[in-house]
Amino acid sequence: MSPVNQTASLRTPVRWRATLAVVLLAIPLLWSRGDSSAQQSNAEPPVRVPSNVAWTHETLVLISRGDAFRGLILARRCGHCHGEEGFSAVPAFPNLAGAVRLSFWKQMEDFRSGKRASPVMQEAVAALSTRDSADLAAYYSMLPTASDPQDNRAFPQAMQDPSHAQIAIRLILFGDGQRGIPPCQSCHGPVSYVNGAPLLAHQNGSYLQEQLENFASGSRSNDINVRMRSIARHLKAEERTAVSEYYGAGLGPE
Amino acid sequence: MKKKIGGIAAIMLLGLVLLSIRYYEVDLPIWHFLGGGKGPDPATLHLSGEFVESNLGTAEDAEGSLTVRMIAQQYVFVPQCIAIPAGVPVRFRITSADGVHMLSFLGTDYGLKAVPGAVTEASFTFLKPGEFKIPCNEFCGPGHYAMRGQLEVAPRDQFSSLHPEERRTCESR
């Protein structure tokens with residue numbers, strides 16, 4: 001046998017096996033592609049979209065590029081209602097100091113798209129671009145939340161009914177497992193966070209209560225995947241008041 | 001010749017093994033996770049696809065078979081209360097908007113993992129009417145122990161007489 005013949009006879013079965021291996025390994029891939037097309041045909045057309053905002057990579061990048069200095073200039077218009085230092089003088093308006101960027105930006109976008117109704121805010125946001133919202137978010141997220149005696153702020157408001165504190169502490173720290181109510185602090189901080197959830201520790205009580213009532217009744221419905229609506233619905237009216245007052249009194253964990 | 005047959009057999013065996021491996025956590029074929037992003041994107045569940053909020057809950061298709069669609073997320077199941085009839089196989093389709101969760105029906109052997117980026121599916125039949133708690137059975141974070149939904153199994157005739165909205169979910173009850 002010549003050496004040329006030898007190599008040829010060795011090569012054929014190897015090539016054979018390689019082709020077979022490729023074919024066999026490709027079968028699962030084809031199979032899975034068939035799977036996904038079957039799933040897509042199952043989908044029904046969307047009927048109600050709670051918010052146009054989605055936490056995709058592009059959105060997160062856009063928000064993280066917010067320029068706080070530009071935000072400072074833009075924020076001059078916001079100070080009338082939300083306070084020059086980000087703490088409003090009227091408890092019905094939300095405080096913005098120390099806001100979470102994602103949450104802030106999402107609300108601005110929802111006002112713009114009308115997913116969250118507010119005649120005043122819709123008008124205020126109309127002139128701003130998505131980038132402006134990101135700049136404002138960056139600015140407000142950097143404002144300090146420490147108390148300032150010079151400032152005219154409504155923020156720590158004494159609880160109307162101190163006996164509510166027990167109910168509030170329980171819900172904020174532990175939730176109510178029997179009714180499927182997770183603890184507030186497991187999404188709003190400081191224990192754990194969720195994209196788009198605001199911090200509550202420096203928020204006005206009246207504002208919080210109004211939002212909880214709106215979530216419970218469904219008149220505010222811009223929460224992604226029905227998260228806050230299904231929680232607020234399971235809270236009793238007294239519990240909604242208690243939690244809001246407790247946070248509004250500056251007692252909530254931060 | 002023997003070597004050739006042996007080689008082919010070995011490769012076919014390898015192919016069979018790959019075909020039969022299932023990711024143990026979720027009971028999905030392993031290649032489901034190889035390509036990446038075949039299931040719904042957890043970040044955009046609410047925008048389009050079968051998990052938009054108006055499509056969640058119990059739905060009846062043209063042939064009369066029931067499908068329950070749910071989202072598990074930090075730290076609630078949506079919808080939190082599901083209504084189904086007794087004695088009928090019901091298909092559960094569930095996905096997650098963040099981490100791994102697990103739907104487990106207290107008092108039964110039934111359970112279903114919820115995985116971000118994949119739809120887990122199973123068909124369950126509840127023979128007797130009653131109420132079942134659905135705690136999350138996979139540690140998912142600090143709110144894990146408070147994460148629970150409810151399943152209300154109604155007698156068949158009673159279920160069909162319910163208002164369409166109440167058949168979809170029993171949240172309002």
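Modeller: Cys81(B) stands opposite Gln150(B) in E12(B). Keep in mind that this is a predicted model. Strand E6(B) and strand E12 (residues 148-154) of chain B run in the parallel sense, paired over five bridges. The open sheet has three strands, in the order E6-E12-E11 (chain B), and its pairing is mixed. Strand E6 (81-85) and strand E11 (130-135) of chain B are at the edges. Each has a single partner strand, so one side of each lacks a neighbour in the sheet. On average, neighbouring strands here are turned by 25° against each other, direction ignored. As background, strands of a sheet pair through backbone hydrogen bonds, either parallel or antiparallel.

Now take Ile84(B). Beyond its neighbours within four places in sequence, Ile84(B) is in contact with Thr58(B), Leu66(B), Val68(B), Val90(B), Phe126(B), Leu151(B) and Val153(B). Ile84(B) also belongs to the largest nonpolar core, which has 59 residues. There, Ile84(B) is one of the residues that touch the most other members, along with Val243(A), Met70(B), Ile71(B) and Ala72(B). Helix H10 (residues 205-217) of chain A gives this core its largest share, five residues. Another core, of 20 residues, lies apart from it and includes Trp105(A) and Tyr140(A).

Last, the chain around the sheet. Chain B has three helices and 12 strands. Of its 173 residues, 43% count as buried. Among chain B contacts between residues at least 6 apart in sequence, 61% join residues at least 24 apart.

Definitions and conventions
Residues are numbered from 1 along each chain as its sequence is written. Chains are lettered from A and ligands numbered from 1 in the order in which they are written. This is a predicted model: local features need pLDDT of at least 70, side-chain atom pairs count only at pLDDT 80 or more; totals for chains, interfaces and linings use all residues. Helices (H or I, at least four residues) and strands (E, at least two) are DSSP runs, numbered from the N terminus. A residue is buried if 20 or more other C-beta atoms lie within 10 Å of its own, exposed if 12 or fewer, and partly exposed in between; C-beta atoms are placed from the backbone. Two residues are in contact if their C-beta atoms, placed from the backbone, lie within 7 Å. A nonpolar core is a set of buried Ala, Val, Leu, Ile, Met, Phe, Trp, Tyr and Cys residues joined through C-beta atoms within 7 Å. Two strands pair if DSSP finds at least two bridges between them. Axes are lines fitted to C-alpha atoms, for helices over the stretch in contact, and angles run from 0 to 180 degrees between N-to-C directions.
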